[in-house]
Amino acid sequence: MLVPIQTSGTKPPLFFLHGLRGITFAVGPNFARALGPDQPVYVINANGMDGRQPVIDDAREMVAAYYDDIQRARPAGPLRIGAMCSGCLIAIELARRLQKDGRQTGPLILADPPPVPFGYDKRRNTVDFARPQMAERMYQEVRANMLEKASYGYDALPFDPADPQQLHAATLAGIGSMVAFAKYVPTPFSGPTELIMSADRAPGFFHPMMPWHKLLPGPRVVHVLPCAHGEVFGAAREAVARLIRHILDEEPTSANLAAPETQPAVA
C-alpha cells in the first residue's frame, strides 16, 4: 500500500518500507520536510492496511505488490529504497528485483534491522498461526501495538485508530506482515548498503557469529546512533531524518553504483 508523502522535487524519489507490523508510522510530512523540499518521498505500508486490498502474508507476494506500486508511481529513472526494522529484508529483495530491470537504486538505506531475522528462528517457522489461540494472541498483540503507535501522535499513521473498522483492518494487515517475516529466510545481497543502527542493536550486527556478515557481503557504511531501537523512529527520529538526508545527498561513487544484484529474488 503506497502512500505519497511528498511528490515534488527533482531528486531520485525515496520509497520507504514498513517495519514488522506493517506500518511506516513515523515517516510522514514532518519527516519529509526534514529531508528537504527537493526530495520526493513515498511510504509503503502493508497491503490491506486501508481495508481495500487483500492482506499479504508471504514475502514473495509482498515484493511483487510493492514492485508494482513503485512502477506505477515512478516507472523510470533512478530511485532510492529505504526501510525500517524487519522491513529491511523486503527492501533488499525489492532492490534486487528493481536492479534486475536496470533501475539504479543506489545504496540501500536500512534502519536498524533485527540482529537475527525472524526466518532464522526455527521455533517461529513451526508455529501454526491459524490455531485459534495463536491467532487471538497475535491479534491482541498487534492491535495493542497499533494503539500504542497512535498514542505517540505521529503524523503518518495510514488509518484512523478511533475508527474500529479501520483499526481492525490495520490489525489484520499487521498480522499478515508478521507472518510473512516469520516464514521468510533471506539470501545474501552483495549491493552497497548504508545502515543506521541503534546502540543496543549494533553489537549484534557486528558480531561475527550473527548472520549479517553473510547477508550483506558488499560495500557497507554503518552509522551508529546513541539510542535504543525503540527510539530510532521515536525520540531520535529527527536525527535519523537528518542522517538520511545526508545519505541521500551523497555524490554517487563507484561503490554505490555497483553492478546490479544477480541472485534470484526471495529464494
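**Loops, core and a helix crossing**

User: Where is the place of Cys85?

Analyst: Cys85 sits in the loop between β4 (80–84) and α3 (87–100). Please note that this is a predicted model.

User: What is phi of Cys85 near?

Analyst: Phi of Cys85 is near 50°, which is a positive value in a residue other than glycine.

User: And is Cys85 buried or exposed?

Analyst: Cys85 counts as buried because its relative accessibility, 14%, falls under the 20% cut-off.

User: What about Asp112, where does it lie?

Analyst: Asp112 belongs to the loop between β5 (108–111) and α4 (122–125). Its phi is near 55°, again a positive value in a residue other than glycine.

User: Buried or exposed, for Asp112?

Analyst: Asp112 is buried, its relative accessible area being 0%.

User: Changing topic: how many helices and strands does the chain have?

Analyst: The chain has nine helices and seven strands. Its length is 267 residues, of which 52% count as buried. Among contacts with a separation of 6 or more, 82% are between residues 24 or more positions apart.

User: Which residues touch the most other members of the largest nonpolar core?

Analyst: That core comprises 81 residues, and the ones touching the most other members are Leu17, Met49, Tyr66, Ile81, Leu94, Phe233 and Ile244. As general background, nonpolar side chains tend to be buried together in soluble globular proteins.

User: Which residues is Ile244 in contact with, leaving aside neighbours within four places in sequence?

Analyst: Ile244 contacts Leu14, Phe16, Phe31, Leu35, Ile109 and Ile196 once those neighbours are set aside.

User: On to the helices: at what angle do α5 and α6 cross?

Analyst: The axes of α5 (residues 132–151) and α6 (residues 164–183) cross at roughly 115° and come within 9 Å. The crossing of α5 past α6 is right-handed.

User: Which residues of α5 and α6 meet there?

Analyst: On the α5 side they are Met138, Tyr139, Glu141, Val142, Arg143, Met146 and Leu147. On the α6 side they are Leu167, His168, Ala170, Thr171, Leu172, Gly174, Ile175, Met178 and Val179. By class, this contact of α5 with α6 holds eleven nonpolar, three polar and two charged residues.

Note on methods. Residues numbered from 1 in each chain as written. Predicted model: local features only at pLDDT ≥ 70, side-chain atom pairs only at ≥ 80, totals over all residues. Heavy atoms only, no water. Helix = DSSP H or I, 4+ residues; strand = E, 2+ residues; numbered from the N terminus. Buried < 20%, exposed > 50% of the residue type's maximum accessible area, 1.4 Å probe, protein only. Contact = heavy atoms within 4.5 Å. Core = buried A, V, L, I, M, F, W, Y, C linked by side-chain atoms within 4.5 Å. Axes fitted to C-alpha atoms, helices over the stretch in contact; angles between N-to-C directions. Left-handed = near helix turned anticlockwise from the far one by under 90°. Nonpolar A, V, L, I, M, F, W, Y, C, P; charged D, E, K, R; others polar.
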